[in-house]
Every structure is written in C-alpha cells, then in structure tokens.
Amino acid sequence: VNNIVLAQFLGICPFLGVSNKLSTATGMAAAVCFVITLATIVTYLLNAYLLIPLNLTFLQTILFILVIAALVQMVEIVLKKTSPALYQALGIYLPLITTNCTVLGVAITVVTKQFTFGLPSHMLNLGEATVYAFATAVGYGLAMVLFAGLREHLALNNVPKAFKGIPIALITVSILAMAFMGFSGLV
C-alpha cells in the first residue's frame, strides 16, 4: 500500500528508465531486492554497533552511501567469480543500483523507523529491519514489473504524439499509484 516508489517517490529515475521492457524490469527488480536487503543489514549493523555507541549518527548518510557503493562493487566482484550465470543476469543492473536512491532511502528509514504498540518507542531490531527491507524491495519490484507490462501494452497502442514517451508513462504511473492507494483500507 505504501509502495516506496508510488507513495514515497523514491527511485523514480530507474523506475522510469528501466521499465520499457518486462525482461529488464524483472532483472532490475531482482537486483534491487537483493541489494536493498543486503545493504539494510550492513547499514543497520554499522549504525547500531558503530555510529550510535560512538555518538556519530550525524555521519549516517555519508557512511551509508559509501557502504552501498562498496557493497554493490563487492557483490559484483563475488558474483563474477562465483556465479557467472547470475552475474550475467544481474551484472548490468548492479552498477545502476549504486545510484538508486531507493536503497539509501530504505536504509535510512530502517534506522529511524519507530513503532509504538502501546509500549515505548524503540528502534527496529535486525529481524524487523530485514523483513521491512525485503518487503519494501519486493513492493518496488512489483510496481516496476506491473509498470513495465503497462508500458509494453502502451507501445502497441495508438498514443497521441504529444503524449508519447515519458508523458504517457507519467500519466500511467499516476493512475497506478492511485490504484495502489485503493488498497489502503484493506491492509
């Protein structure tokens, strides 16, 4: 319901740029899911065991950007050596994820998100953070795959010249966002 791209508007650039074909959108969605989950675990641990104890929380954003960039590079190197098939499938999308603000947005949201269930507020624990990150990434992937299917369908239709390309994509994504908002009473 509160999709990271449709409700919070994070990751719009790769969302619009990679969603022309269903196959590329699916590959990007899988890569984003993997990197968001892994980056959230690493940034959570760094925040909980390094930044908070040393009272350096003002360095969160800089450290998280560096960690995400380094993590994506390490994942790319490890995949290239250990699993060439998976590297071929995800390899072209991994460098794009370094600049995807969704990864940074989820990492920052996880360390600042607090829940109150009638109890005092507390930071998410590692399990909750991992589930939140994975679910957010799956939601991003779902929206991207749905949008790619819609764009492939639009390519087959007669769209007025003024609306071809990005204009019709923005109109379509706004309708998709309103459709997702319709589920807000169910969950």
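Modeller: Let's start with the cysteines. The sulfur of Cys-33 is 17 Å from the closest cysteine sulfur, the one in Cys-101, and that is too far for a bond. Keep in mind that this is a predicted model.

Biologist: How many disulfides turn up in the whole structure?

Modeller: The search finds 0 disulfides. A disulfide is a covalent bond between the sulfur atoms of two cysteines. The cut-off for the sulfur pair is 2.5 Å.

Biologist: Is Cys-33 buried or exposed? And what about Cys-101?

Modeller: Cys-33 is buried, at 14% relative accessible area. Cys-101 is partly exposed, at 38%.

Biologist: Zoom out for me. What is the chain made of?

Modeller: The protein chain has 8 helices and 2 strands. Read from the N terminus, the order is α-α-α-α-α-α-β-β-α-α.

Biologist: What box do the C-alpha atoms fill?

Modeller: Roughly 60 × 50 × 25 Å, taken along the principal axes.

Biologist: What share of the residues counts as buried?

Modeller: 39% of the 187 residues.

Biologist: And the contacts? What share comes from residues 24 or more positions apart?

Modeller: Taking contacts with a separation of 6 or more, 71% are between residues 24 or more positions apart.

Biologist: On to helix packing. At what angle do H6 and H7 pack?

Modeller: About 150°, with the axes 10 Å apart. H6 is therefore roughly antiparallel to H7, as the cut-off for that is over 145 degrees. The crossing of H6 past H7 is right-handed.

Biologist: Which residues make that contact?

Modeller: H6 (residues 101-112) brings Thr-102, Val-106, Thr-109 and Val-110. From H7 come Ala-129, Tyr-132, Ala-133, Thr-136 and Tyr-140. By class, the contact of H6 with H7 has 6 nonpolar residues, 3 polar and no charged.

Biologist: Thr-102 is in that list. Is Thr-102 buried or exposed?

Modeller: Thr-102 counts as buried, at 0% relative accessibility.

Biologist: What does Thr-102 touch?

Modeller: Leaving out residues up to four places away in sequence, Thr-102 touches Ile-4, Leu-10, Gly-11, Ile-36 and Tyr-140.

Biologist: How do H3 and H6 cross?

Modeller: At roughly 130°, and their axes come within 10 Å. That makes H3 and H6 oblique to each other. H3 passes H6 in a right-handed crossing.

Biologist: Which residues meet there?

Modeller: On the H3 side, Gln-60, Thr-61, Phe-64, Ile-65 and Ile-68. On the H6 side, Val-103, Leu-104, Ala-107, Ile-108 and Val-111. The contact of H3 with H6 counts 8 nonpolar, 2 polar and no charged residues.

Biologist: Now Phe-147. Where is Phe-147 found?

Modeller: In helix H7, residues 126-155. Phe-147 is buried, with a relative accessible area of 0%.

Biologist: What does Phe-147 touch?

Modeller: Not counting residues up to four places away in sequence, Phe-147 touches Phe-15, Leu-16, Ser-19, Ala-169, Thr-172, Val-173 and Leu-176. There is also a C-alpha distance to note. Phe-147 and Asn-20 are 127 residues apart along the chain, and their C-alpha atoms are separated by 8.6 Å.

Biologist: Thr-172 is among those partners. Where is Thr-172 found?

Modeller: In helix H8, residues 166-181. Thr-172 is buried, at 11% relative accessible area. Apart from neighbours within four places in sequence, the contacts of Thr-172 are Phe-147, Leu-150 and Leu-154.

Biologist: Last topic, backbone. What is the phi of Phe-9?

Modeller: Positive, about 60°, although Phe-9 is not a glycine. Most residues other than glycine have a negative phi. Phe-9 sits in the segment before helix H1 (12-17). Phe-9 is exposed, with 58% relative accessible area.

Biologist: And what is the phi of Asn-55?

Modeller: Near 55°, again a positive value in a residue other than glycine. Asn-55 lies in the loop between helix H2 (22-51) and H3.

Biologist: Is Asn-55 buried or exposed?

Modeller: Asn-55 is exposed, with a relative accessible area of 61%.

Key:
Residues are numbered from 1 along each chain as its sequence is written. This is a predicted model: local features need pLDDT of at least 70, side-chain atom pairs count only at pLDDT 80 or more; totals for chains, interfaces and linings use all residues. Side-chain values use heavy atoms; hydrogens and water are left out. Helices (H or I, at least four residues) and strands (E, at least two) are DSSP runs, numbered from the N terminus. Buried means under 20% relative accessible area, exposed over 50%, partly exposed in between (1.4 Å probe, protein chains only). Contact means heavy atoms within 4.5 Å. Axes are lines fitted to C-alpha atoms, for helices over the stretch in contact, and angles run from 0 to 180 degrees between N-to-C directions. Angles under 35 degrees count as roughly parallel, over 145 as roughly antiparallel, 65 to 115 as roughly perpendicular and the rest as oblique. A crossing is left-handed if the near helix is turned anticlockwise from the far one by less than a right angle, and right-handed if clockwise. Ala, Val, Leu, Ile, Met, Phe, Trp, Tyr, Cys and Pro count as nonpolar, Asp, Glu, Lys and Arg as charged, and the others, Gly among them, as polar.
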